[in-house]
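Here is a short briefing to read alongside the model. Shall we start with how much of the chain is buried, and then move on to the sheet, the core and a helix?

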Amino acid sequence: MKCTLKFLPSERTLEIEAGEMTLLEATREAGLPIASACGQNGACARCGLDVISGIDAIEEESEREARIKERNRIDPELRLACRVRPTRDMTVRATYW
Ligand code: FES
């Protein structure tokens, strides 16, 4: 099953197979920058993105993800793109796109 990812405010979109890649990988595939200082291991919290729609299509945040965000003092509402594997349409936003 295909799903479409939309990246705001750039308006770029990317169609992927459901569950094929992480949101971080998809962001890079779309040609947009996203930080990562931990090798996509969910440890640095640099890849936090604002999920505008489609949050119900992804796994709930784990305790570890919440702890990593708190430790790195990032907005608790953001999701770590390296921990999210889209399975349905999603819209995400980063202020620097
Ligand atoms: S890349 Fe480090 S937490 Fe996602």
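Of the 97 residues in the protein chain, 26% are buried; a residue is called buried if 20 or more other C-beta atoms lie within 10 Å of its own, exposed if 12 or fewer, and partly exposed in between, with C-beta atoms placed from the backbone. Please keep in mind that this is a predicted model: local features need pLDDT of at least 70, side-chain atom pairs count only at pLDDT 80 or more, and totals for chains, interfaces and linings use all residues. Residues are numbered from 1 along each chain as its sequence is written.

**Overall build**

- The protein chain holds 2 helices and 5 strands, in the order β-β-α-β-α-β-β from the N terminus on. Helices (H or I, at least four residues) and strands (E, at least two) are DSSP runs, numbered from the N terminus.
- The C-alpha trace spans about 35 × 25 × 25 Å along its principal axes.
- Among contacts between residues at least 6 apart in sequence, 64% join residues at least 24 apart; a contact means that the C-beta atoms, placed from the backbone, lie within 7 Å.

**The sheet**

- The 5 strands form an open sheet with mixed pairing, in the order β2-β1-β5-β3-β4. Two strands pair if DSSP finds at least two bridges between them.
- β2 (12-17) and β4 (79-80) stand at the edges with a single partner strand each, so one side of each has no neighbour in the sheet.
- β1 and β5 run parallel and are joined by 4 bridges; Lys6 has Thr91 in β5 as its bridge partner.
- β3 and β5 run antiparallel, with 3 bridges between them, and here Ser53 has Thr91 as its bridge partner.
- β3 (residues 48-53) is also joined to β4 by 2 bridges, again antiparallel; Gly48 has Leu80 in β4 as its bridge partner.
- On β5, Met90 and Val92 make up the covered face, while Thr91 and Arg93 lie on the uncovered one.

**The nonpolar core**

- The largest nonpolar core has 18 residues, and Leu23, Leu24, Cys47, Leu49, Leu80, Ala81 and Val92 touch the most other members. Such a core is a set of buried Ala, Val, Leu, Ile, Met, Phe, Trp, Tyr and Cys residues joined through C-beta atoms within 7 Å.
- At least two residues of this core come from each of β1 (2-8), α1 (23-29), β3 and β5 (90-93), and α1 gives the largest share, 3 residues.
- Leaving aside residues up to four places away in sequence, Cys47 touches Leu24, Ile34, Ala35, Ser36, Leu80, Ala81 and Cys82.

**Helix α2**

- Glu65, Ile68 and Lys69 are buried in α2 (residues 63-71). They lie on the same side of α2 because they cover an arc of only 100° around the axis, taken from the directions from the helix axis to the C-beta atoms.
- β3 and β4 are among what covers these buried residues.
- The face turned away from the buried side of α2 carries the exposed residues Glu63, Arg64, Ala66, Arg67, Glu70 and Arg71.
- Just after α2, Arg73 takes a positive phi of about 55°.

How values were computed:
Contact = placed C-beta atoms within 7 Å.
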